[in-house]
Amino acid sequence: MSASWKQLSLQILLLLVSCRHINTKTPGPTPPPRIPIDQLPTDVRSVALKGESHTEKVELLNPVNLALECTWTGNQDKLANITGLWRKDGEEVKNSNQTVPMENDQYHLKRVFSILNEEDLGSYTCEFGSKAKIDFVLAAPQIGDVRDKPIISYLGDFAVITCKMEETKPEPSTWYWYKANGTDKEQIIAAEEPLRYEIKNEERNTKLVVSSLVEADGGLYFCGAVYAISTSMSHVELKVISFLEPLKPFVAIVIAVIVLVAIILLYEKSQSKKNSTAADNGTTDQTNTLTQGESNGPGESSSMRQRKV
Amino acid sequence: MTKLRPKAESQGEGPDGGYGWVLVGALFVSTSLVFGLMRSLGIFFVEFVQYFDESAQAISWISSTGLAAQQFFSPLGAALCNAYDTRWVVMTGGCLAALGLILASQATCLVHLYLTMGVISGLGWGLVFTPMVATVMANFTRRRTLALGLAFSSIGLSSFAFNPLFQLLVELYTWRGALLILGGLSLNIVPCGALIGPQRRSKAPAKVVSESGVSCASFLQRASSYLELPLLFERPYITYTLAISLLNVGYFVPYFHLVAHSRQVGFSEYQAAFVMSAAGATDILGRIASGWFSDLGHFRLIHLLSVWTTLAGVFIMLLPVSSLSGSYAALMVISLLYGFCSGALTSLVFAVVPMIVGVERMMGALGLLQLIESGAGLLGAPLSGLLKDITGDYTASFMVCGGFVVLGTLTMVTLPHYFSRKDPPPPKSLSPEDPDKGLHAELEQMHSSPSDMNDLTGEVTNNRLPEDTYS
């Protein structure tokens, strides 16, 4: 018995040891296998600065060794040497502080960065002293048209949520959907609940169909366009309402219509009653009890008699 | 002597005022809920395409079915009004139209929408439009065209109002809730029908003596008289209907294709949409202005109608020519003029009918006219689309459609007595002419309530020439 206990405790120990290495922070697709750095393709982005600062957007799809080049013509000081610095997301990149000499009336900074995954994306800045800087914003293609109004649907009905990548931007390799759960995002796997969720992916579009809606289905949904380097997210809000909502103005209108019709019919009945009682009293009364259009009555009769004559 | 006469015409066809204007208001509301609603259904199409995952063409059949049903059931509505009380027919029509929309809010497939929004609501609309127009026309004589123009201006005005309203409803309640609320709004047709007032006339049944109870032959005979089928054998009516059908082939087309044509010539989306809105605005203006002008009585209605249709045809043909030069101003001017003329002619199209067939047969005549012209209307848009696909641009299709409109005018010219200065007398009814009876009827007219006007129009018409008071 002690041997099996030992085995069990060893297994538990092993389990605990391996558990520590499981990353629970980012749900979603497993990161792509790491390619050795020297086998990555290379790309160059260079910017020549005219003023004091500039921002350059760089769209990346795949892991790459990206060389960023900054060129600055300098200002009126025309210092012989200036300190050059690289920052990533505001924080200084280690060992990037260097002295940059002026060559051919220009300062030149260049560095190669390995952009492998989502953490490597962001804002890279080259600084010339504290006088000039160029920002390179590295990002995967972003989803352009984000629907700002919520999608509304009824309890028990289904809702269709779509995401689209513009024609001008490269196609994602696939799409994933997430539902917001508190501050986390939970991936929606259609295979797990085929009756409730259905995901239709077509290169540039994706559709999430949520069926048999319940109140809990309301909230934020995220669609992720997956590129080798990272996933671009966009969100849409889904609101689930009950059919009582539009029923209220509808019933109000119906009641108003019924009241109107009742008023018209009752008014007419009272008018015809007046007319019929007046008819017993004589013809002269009749002409006086007539409603709007007949104010011409007496005049009419006289002119008609004239015409007859 | 004639100047002493108040607004109400001595020929007694209609009191021309007072309660008549209440009916114009009712027609205004019901027309906006029929045609104004139909025109603004485009807002729902985007939602339907996304929800039902169908093509835009399949979705556009919904409104085509609705319009076709409205026109197809018009003679039925007219016949029912001849047989029974107009007000109940209109109220039933309102309920049906609302029912169709309410059921549509529960639709789970496209066929449901065809059946509910298309057939049921279309049937309701058919039972509403023609009877209400005929009732208003029967209540006016000298101001008839103005009354119609004012009422039909509701189509343009309401589509201005309904577009943002429907957009809001769809955003708040999505299309299901919006359709439900639209059904409720359509119920407002029912009070409009209630305003018509009870009728105590006996129209077509007076012509047919039904001795036997329910036999097939007598039923068919009654049905044919309610539907005014004998009209189909009268040359003036056939000529006029043919003219209006030819008009219908071409006259709607610019509304469908103007925006696409402007974009093709090179103007921006915003500019093209603005041209359309401007044409819509002058359309409203044209309806009212033409109504007011026609009633001044300087010209015969048929002559005015011919002028407006010729001008409309010419401007349709000029539309592609004006944009040839690429000038936005030229396109805008021609579109404005086209909008004005097309609005102007709509006021007159219905007003001419009683001149041709007489006031008592007007109801059935309008129903048949709607039915026959609907077939022509169905031709127009596909034909122009086909021409555009063959030739590559809209020049040929606009030319052909303008040609159809002018052809309609030429057909109108062949109407009997076209070139005489005065209108010919409408055909006499079957009841014997009796001058004493006519005077007695006139005296009765003053004593009865306003809604009873309808029943006396038939009897009094026989003794009067319609337009001779104008000379």
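Trainee: How many aromatic pairs are there over all chains?

Mentor: Rings of Phe, Tyr and Trp (its six-membered ring) pair if their centres lie within 6.5 Å; planes under 30 degrees apart count as stacked, over 60 as edge-to-face and the rest as tilted. By that rule there are 25 aromatic pairs over all chains. In one of them, the ring centres of B:Y394 and B:F398 are 6.3 Å apart and the planes stand at 80°, so this pair is edge-to-face. Both B:Y394 and B:F398 are buried, meaning under 20% relative accessible area, with exposed over 50% and partly exposed in between (1.4 Å probe, protein chains only).

The model is predicted: local features need pLDDT of at least 70, side-chain atom pairs count only at pLDDT 80 or more, and totals for chains, interfaces and linings use all residues. Residues are numbered from 1 along each chain as its sequence is written, chains are lettered from A and ligands numbered from 1 in the order in which they are written, and side-chain values use heavy atoms, leaving out hydrogens and water.

Trainee: Which residues do ring pairs link into a cluster?

Mentor: The cluster joins A:F158, B:F44, B:F48, B:Y51, B:F52, B:F162, B:F166 and B:W175.

Trainee: Where does the charged end of B:R87 sit?

Mentor: A charge sits over a ring if NZ of Lys or CZ of Arg is within 6 Å of the ring centre and within 35 degrees of the ring normal. The charged end of B:R87 is over the ring of B:W88, 5.6 Å from its centre. A:K185 lies over the face of A:F222, at 4.9 Å from the ring centre.
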